[in-house]
Amino acid sequence: MTAPAFAQVAPDAEFAFDFDSFSARMQEIAAAEFVPPSRDLPEAFANLDYDAYRRIQYRTDASKWVDDGIGYRMQAFHMGWLFPEPVQVFEIVGGKARSIGFSAADFDYHDDAVANAAAGVETFPGVAGFRINAAMNSPDRFDEVVSFLGASYFRALGRNNNYGLSARGLLMNTWIEGPEEFPRFSEFYVEKPTSVGTSMTIYAALESQSVAGAYRFVLTPAGEAHQETTLEVTARLYFRGDVKELGIAPLTSMYLFAEANRTGFNDYRPQVHDSNGLLIQNEAGEVTWRALNNAATLGTAYFWENNPRAFGLYQRGRDFESYQDAGAHYERRPSLRIEPIGNWGQGHIRLVEIPSRLEGDDNIAAFWIPEEKATAGSSRELSYRMVWGDLNPDSASPIAHVKETRSGIGGVSGVEAVENFKKFVVDFAGGELAGMMDETQLEAVAEATGGTITSSVLSRVDANGVWRLVLDVETGDSTSVELKAYVMGLGRKLTETWLYQWRPSHEA
């Protein structure tokens, strides 16, 4: 029998809340047998289909704290359709927690039959999740800053961003042999801020067959002073079972095509993606850019690191011309950087690239795998900072960044193509490299595993000032080729390290 959940107290009851006692309770839960969440919804919610669910909107005037002048407002997501498991939400004021009640009166259903059925539900079993709004983009408008909806998924926005990639609380056994486990946030405790301009703290209970956890999120929304929204996360995890592969600070995104893999996509847009690269900054501060790919086969890569400074999925390219999509506005999708707090020790950053033909699919995942395995009865605490926003390359950095990755048929233009030859074109921009001329003594360092580099040419493009590295690679019978390149000069490294995993493309 599990320890009593705070959610089981009377609806109007208040109880003391702090992170340590909350963590102790989750540790007790982990010591007991897992109890799956109930999916026994009221009939009015159980019968919602996609069309009925998408019409349900939270009423703006029903937002929590709408008249309190604290700079934040909360709105809930309705249960039903893909979200049958109830989530409990509590408000913390002065160290005391109380359940936040939601009812049919908080929602506009835009369907009389659904509204009437919902009105007959006296007590909502919970909600599907919630969002926090703040005056992030304009002082007279409250826009969504962060939302928690579905399993342990959540996402946030920087100033003038549109939603793109997402994050999860935890990954367990994803894309390895055996079933994946999906932990979920079952309870949230939101500490009500006391004044405008202060951060907000959110606590969450995480539960699944093999783990129970206590999470703390400290939210600092974007605004006029800074474009990025930050979430500082502390996760206390208690394991009731062994975990084959534990994914910490997991990110999920979409990459359909860009200049390196357009062959199989008949689309008017030059690029379609929420993210186009995995950035890794190692303990010494050196940066690696792994350009993303969407090929016909599953891609997976492990990058060993000792106590990395940061990693994240980035969207590089902030001009409309790169995407030509006046609806989706991919140029506004946020990047997300994970900055470990404390020493994370040794482990791997894993990148998973799932074949996809639809831009609605999240086919990219990236996360940290600690070297030490999670075993039944063990526990661990990790902290990290999440930075959501444009995260454009630093113009003051001496290191040039990877601006674009392109690929095509290898060999010489104007003659018949040679089978199994590919050409890869990497543009480096910014840094000290930008001010150098062709006569500067530079060296392109390039390596291929699974293929052979037959030609390597580095030159400055006068039209835009970038330095372009062109590689011809013989792939032979390989099903994948690992590529690596960077530029040296003046006795030091002048660029990020570019990585790419070539795999056969989708057919047109």
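Reader: Which residues lie nearest the centre of the largest pocket, and how many line it?

Author: Happy to start there. On a 1 Å grid over the protein atoms alone, a pocket is an open set of points where a 1.4 Å probe fits, with protein on both sides within 12 Å along at least five of seven lines; lining residues have an atom within 4 Å of a point. Here 25 residues line the largest pocket, and Leu149, Tyr153, Arg155, Ser166 and Asp362 lie nearest its centre. One caution: this is a predicted model, where local features need pLDDT of at least 70 and side-chain atom pairs pLDDT 80 or more, while totals for chains, interfaces and linings use all residues. Residues are numbered from 1 along each chain as its sequence is written, and side-chain values use heavy atoms, leaving out hydrogens and water.

Reader: Which strands each supply at least two residues of that lining?

Author: Strands are DSSP runs (E, at least two residues), numbered from the N terminus. In this model they are β8 (141-149), β9 (153-156), β10 (166-168) and β25 (364-370).

Reader: Asp143 lies in strand β8. Is Asp143 buried or exposed?

Author: Buried means under 20% relative accessible area, exposed over 50%, partly exposed in between (1.4 Å probe, protein chains only). Asp143 has 17%, so Asp143 counts as buried.

Reader: With which side chains does the side chain of Asp143 make a polar contact?

Author: A polar contact is a pair of N or O atoms within 3.5 Å; within protein, one must be able to donate a hydrogen and the other to accept it, and residues adjacent in sequence count only if both atoms are side-chain atoms. For Asp143, the partners are the side chains of Asn137 at 3.0 Å and Arg141 at 2.9 Å.

Reader: Which residues touch the most other members of the largest nonpolar core?

Author: In soluble globular proteins, nonpolar side chains tend to be buried together. A nonpolar core is a set of buried Ala, Val, Leu, Ile, Met, Phe, Trp, Tyr and Cys residues joined through side-chain atoms within 4.5 Å. In this structure the largest core has 90 residues, with Ile132, Tyr215, Phe217, Ile248 and Met386 touching the most other members. Strand β15 (residues 229-239) provides the largest share, five residues. A second, separate core has 26 residues, including Phe428 and Leu433.

Reader: Where is Tyr255, and is Tyr255 buried or exposed?

Author: Tyr255 sits in strand β17 (residues 255-257). Its relative accessible area is 2%, so Tyr255 is buried. Its side chain makes a polar contact with that of Asn261 (3.0 Å).

Methods. Helix = DSSP H or I, 4+ residues; strand = E, 2+ residues; numbered from the N terminus.
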